[in-house]
Amino acid sequence: MKTTYLDNAATSFPKPEGVSSAMKTYMDTVGATINRSVYGAAQDAGLVTLLLRESLKKFFHFPDPVTHVILTPGATAGLNMVIKGYLKPGDHCIVSSMEHNAVMRPLLQLGGVEYDRIQANREGLINPPDVENLIKPNTKLLIMAHGSNVCGAVQDAAAVGEICKKHGIAFALDVAQTAGHIDIDFEKWGLSALVAPGHKGLLGPSGIGVMLLRDAFAKELNPLIAGGTGSASDSEYLPDYLPDRFESGTPNLPGIYGLEASMRFLQQEGLDKLHAHEMALTRRFLEGVARIPGAVVCGPQGLENRVGVISLDFPGQDNAEVAYRLEMDHGILTRCGLHCAPSAHKSLDTFPRGTVRFSLGFASTEEDVDTALAAIQAVCE
């Protein structure tokens, strides 16, 4: 049976042409790491790493030096670095009610740190002015998911950034579900930090991510990992300069080569073109599912304030069984459950049953959407 992949919110698939070959080139012909040696292969690896940093800096409209583009093992690692490296006992943090456990679990591990949630509505959207009511004298950080991994709702980061700037609060944005899907403006939105994975909308491999840090924020951030950096080797203390201060250990060079290749693809294709394609498919999906009794869209009902992540509830049926039947009977690959975001499901009133999530990508087609709609119709009947 032919399968239809609609789980791009978990990881993009397939990858653009050139990503796997770039990784293979590194593995087969380069092999060297960076910052440790000066022979030709090591210099080649260093150049590709620099090109990746420069590409990410431009892509996210990042105003600080390219040295402040930190490469991480993924978004979860980056979020832990921001939360645990910045907050201290006695601090207060603001999050949204749509957060992924990659934010909530490290936050809840911190003893002596308070937090409050900005409550989202039934479509998964917060009202930015509500932030004002949660600010306390000890509020130090607002960290928020830009796009929901459950229902695709996209928050007004620019409005939140204005409030944070007004009150002198650091603003960190988790763009796991929006990077590579919509234009993200680090400078215009007044961000202090941005965290993204490489394997979702940036279309690269897993095991690599990016953390962008404003200089003032970086100076207050305590590194969670310490070790060899290939620099300042005469000292047993971590160097103060970036990116070395936050990149101890041997980096994921195959991942760097793959992500550099996928970033070139994104730049060549153009974000506007990719976004228009995704939104056209999202419209087709939403309009089609609206005609199917027994399937309910959870989250934004239209194209405004969303990306192509669509959650469906099937009242009267077990959503896990629906997802199983979609795969076994029709080859539709989705993700069901709570999506590592229980608070988001509580906001959407889908806790504890969860939803069946369909998520579109650059390689998705109208045929994919129509095949999924026909399968949903069959399951509902």
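Trainee: Which strand does F358 lie in?
Mentor: F358 lies in strand β13. Keep in mind that this is a predicted model.

Trainee: Is F358 buried or exposed?
Mentor: Buried. Its relative accessible area is 1%, and the cut-off for buried is under 20%.

Trainee: What does F358 touch, leaving out residues up to four places away in sequence?
Mentor: F358 touches L6, F285, G308, V309, I310, L312, L326, I332, T334 and I376.

Trainee: How far apart are the C-alpha atoms of F358 and P293?
Mentor: They are separated by 18 Å. Along the chain, F358 and P293 are 65 residues apart.

Trainee: Back to β13. What is the strand order in its sheet?
Mentor: The order is β9-β10-β13-β12. Four strands form this open sheet, and the pairing is antiparallel.

Trainee: Which strands stand at the edges there?
Mentor: β9 (296-298) and β12 (335-337). Each has a single partner strand, so one side of each lacks a neighbour in the sheet.

Trainee: By how much are neighbouring strands turned against each other?
Mentor: By 35 degrees on average, direction ignored.

Trainee: How many bridges join β9 and β10?
Mentor: Three. β9 and β10 (residues 309-313) pair in the antiparallel sense.

Trainee: Which strands does helix α8 lie across?
Mentor: Helix α8 (residues 271-289) lies across β9, β10 and β13 (355-359). It runs at about 15 degrees to β10.

Trainee: New topic, the seven strands. What is their order in the open sheet?
Mentor: β2-β8-β7-β6-β5-β3-β4. The pairing in this sheet is mixed.

Trainee: Why is one side of β2 and of β4 left without a neighbour in the sheet?
Mentor: Because β2 (69-72) and β4 (114-118) stand at the edges, each with a single partner strand. The twist averages 20 degrees from one strand to the next.

Trainee: In which sense do β2 and β8 pair?
Mentor: Antiparallel, over four bridges. Strand β8 covers residues 209-213. V69 stands opposite L212 in β8.

Trainee: Which strands does helix α2 touch?
Mentor: Helix α2 (residues 40-59) packs on the sheet and touches β2 and β8. The direction of α2 makes about 115 degrees with that of β2.

Trainee: Where does Q177 lie?
Mentor: In the loop between β6 (170-174) and β7 (193-197).

Trainee: Is Q177 buried or exposed?
Mentor: Buried, with a relative accessible area of 6%.

Trainee: What does the side chain of Q177 reach at 3.0 Å?
Mentor: The backbone oxygen of A9. Leaving aside neighbours within four places in sequence, Q177 is in contact with A9, G147, S148, N149, K200, V307 and V309.

Trainee: Last one, α3 and α4. At what angle do their axes cross?
Mentor: Roughly 35 degrees, and the axes come within 9 Å. Helix α3 covers residues 75-86 and helix α4 covers 101-109. The crossing is right-handed.

Trainee: Which residues make the contact?
Mentor: From α3, they are T76, L79, N80, I83 and K84. From α4, they are A102, V103, P106, L107 and Q109.

Trainee: How many are nonpolar, polar and charged?
Mentor: Six nonpolar, three polar and one charged.

How values were computed
Residues numbered from 1 in each chain as written. Predicted model: local features only at pLDDT ≥ 70, side-chain atom pairs only at ≥ 80, totals over all residues. Heavy atoms only, no water. Axes fitted to C-alpha atoms, helices over the stretch in contact; angles between N-to-C directions. Helix = DSSP H or I, 4+ residues; strand = E, 2+ residues; numbered from the N terminus. Left-handed = near helix turned anticlockwise from the far one by under 90°. Contact = heavy atoms within 4.5 Å. Nonpolar A, V, L, I, M, F, W, Y, C, P; charged D, E, K, R; others polar. Pairing = 2+ DSSP bridges. Buried < 20%, exposed > 50% of the residue type's maximum accessible area, 1.4 Å probe, protein only. Polar contact = N/O pair within 3.5 Å; in protein donor to acceptor, adjacent residues only side chain to side chain.
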